[in-house]
Amino acid sequence: MNNKGISEKGHILVVDDSRDMLEVLHRNLTLQGYTTYTVSSVPEAVKMLGSTPIDLVITDLKMPGVGGLELIKHVRTNYKNIEVLVITGYPSIQGAVDAVKTGAEEYLVKSFTDEELYAAVERAFSKLNMRRDNRVNLYFKKETLQGIIGESKAMQEVFDAINKVSLTNATVLITGESGTGKELVARAIHYSSPRAAYPFVPVNCGSIPEDLIESELFGHLKGTFTGAIDTRGGFFHTADMGTIFLDEISNTSLSMQIKLLRVLQDQEVYMVGSKKSQKVDVRVIAATNVNLEKLVTKNEFREDLFYRLNVLTINLPPLREREDDILLLISHFVKKFAREASRPIPNFSDNALRVLRDYHWPGNVRELQNIIQRLVIMSEEKLIDVPDLPPIMRFSVLSGEGMKRTLAVVETEYILNVLASVSGNKSHAAEILGIDRKTLREKLKKAGYSDTRNEEK
Ligand SMILES: Nc1ncnc2c1ncn2[C@@H]1O[C@H](COP(=O)(O)OP(=O)(O)OP(=O)(O)O)[C@@H](O)[C@H]1O
Ligand SMILES: [Mg+2]
């Protein structure tokens, strides 16, 4: 039976060996505006799923031949966006429990009323829609925003900002600690802007020697200086029609800053050795992990350039301030690295996840990414537990609570980290800590870590 419904409310496949049941469900659901298909066995259902877009499968559990549980497994393994509603003909809780464990979202026990049916179907659809919205968002973030992951409020604001600024040509200043994703955001802006088909040119202002940076950025005329054997364009020429990303902008000299200011104001560059300016059409995105305003007050950064750059600012909060993202990023990187290394996806114990969530992540997402990569590759276990984590993190489990620790607790943690780094050798640790062994012993004892077994070390 195949009814082409008129409404776009959703597509339901009903699987039941009882003709009567199929007819009742078909009639009721069609009346409710759903497009309803019916089949009387699991093999037929599998075939139907392969050829027709379905949103919800309503299946009986007990059927001759292949049972409903097998169908749920099939749906769960092959279709991420299909909900399953189970009908059990006998009020056996175990059957329903098994079904739910296997992946059914809802179950109805015969004989249910029409209202119960509609309510269950509606719940299934609203779950489906919620999941799809998330998926669409995640898809959108991943693809359009070039792999930036984040569900925290802070990151949602960053996504909004990226979407807004990518429609403009304005200069953007991206601020944030090291490893928070500044370059990723700069790329996302470029690739979601009308300039996407033109180059994105990242320039690390901190890594180019002072005497070369001008010619690297603006190009030079032949013979202007030793080594200038040809007339050559600079990064601004390469980025024409596209975007230049001036990373670590605070590392430019004051004289370079004047030249950059001129480019921003006039959209013109002067090649080294040339008195004639050239028009360039380049969008500038700059990034810094230091506070430029502070540098301005210390006269280490030009105020006029700061205001020119700071037209639109996107601040990336440190990872420790977006707890919501930590677990999401872990799950993202675990899958990514497991796939890349063709390894099984490991699980994490609750304690390990707690330690990871509470750690203060000084290296932000880059640090998390590196740690997860190492764990996925190095860990022999299917379950990653606290002892598998780097020592520096393991000790933070003693205090939990991220940035809410007392000085005494931080001191103890640090002592334990140092001790761990020298394999428990107290003389060596005391030397590193700049205290004598006696003081170290006392401190450990006070914190409840006196360990006489290691006393000889
Ligand atoms: N939200 C995120 N989702 C996925 N990956 C991320 C995210 N943020 C950062 N990363 C990854 O972390 C690493 C560091 O990011 P990125 O280089 O953009 O940081 P940065 O702020 O420019 O750091 P630095 O100041 O040290 O240059 C990159 O590999 C990047 O892909
Ligand atoms: Mg960077």
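**Exercise 1.** How many residues of the lining of the largest pocket are nonpolar, how many polar and how many charged?

*Solution.* The model is predicted, so local features need pLDDT of at least 70 and side-chain atom pairs pLDDT 80 or more, while totals for chains, interfaces and linings use all residues. Residues are numbered from 1 along each chain, chains are lettered from A and ligands numbered from 1 as written, and side-chain values use heavy atoms, without hydrogens and water.

Step 1. The lining of the largest pocket comprises 25 residues, with G179, T180, G181, K182 and R366 nearest the centre.

Step 2. These lining residues comprise 9 nonpolar, 9 polar and 7 charged (Asp, Glu, Lys and Arg).

Step 3. At least two lining residues come from each of α7 (182-191), β8 (243-247), α13 (323-340) and α15 (364-378).

Step 4. Because domain 2 (153-316) and domain 3 (321-454) both contribute to the lining, the largest pocket lies between them.

**Exercise 2.** At what angle do helix α8 and helix α10 pack, and how far apart are their axes?

*Solution.* 

Step 1. Helix α8 (residues 210-218) packs against helix α10 (residues 254-266) at about 10°, and the axes are 11 Å apart.

Step 2. The two helices are therefore roughly parallel (angles under 35 degrees).

Step 3. In the contact (heavy atoms within 4.5 Å), α8 supplies E210, I213, E214, L217 and F218, and α10 supplies S255, M256, K259, L260 and V263.

Step 4. By class, this contact of α8 with α10 holds 6 nonpolar, 1 polar and 3 charged residues.

Definitions and conventions. 1 Å grid on protein atoms, 1.4 Å probe; cavity = no way out; pocket = protein on both sides within 12 Å on 5 of 7 lines; lining within 4 Å. Helix = DSSP H or I, 4+ residues; strand = E, 2+ residues; numbered from the N terminus. Domains from an automatic or database assignment. Axes fitted to C-alpha atoms, helices over the stretch in contact; angles between N-to-C directions. Parallel < 35°, antiparallel > 145°, perpendicular 65-115°, else oblique.
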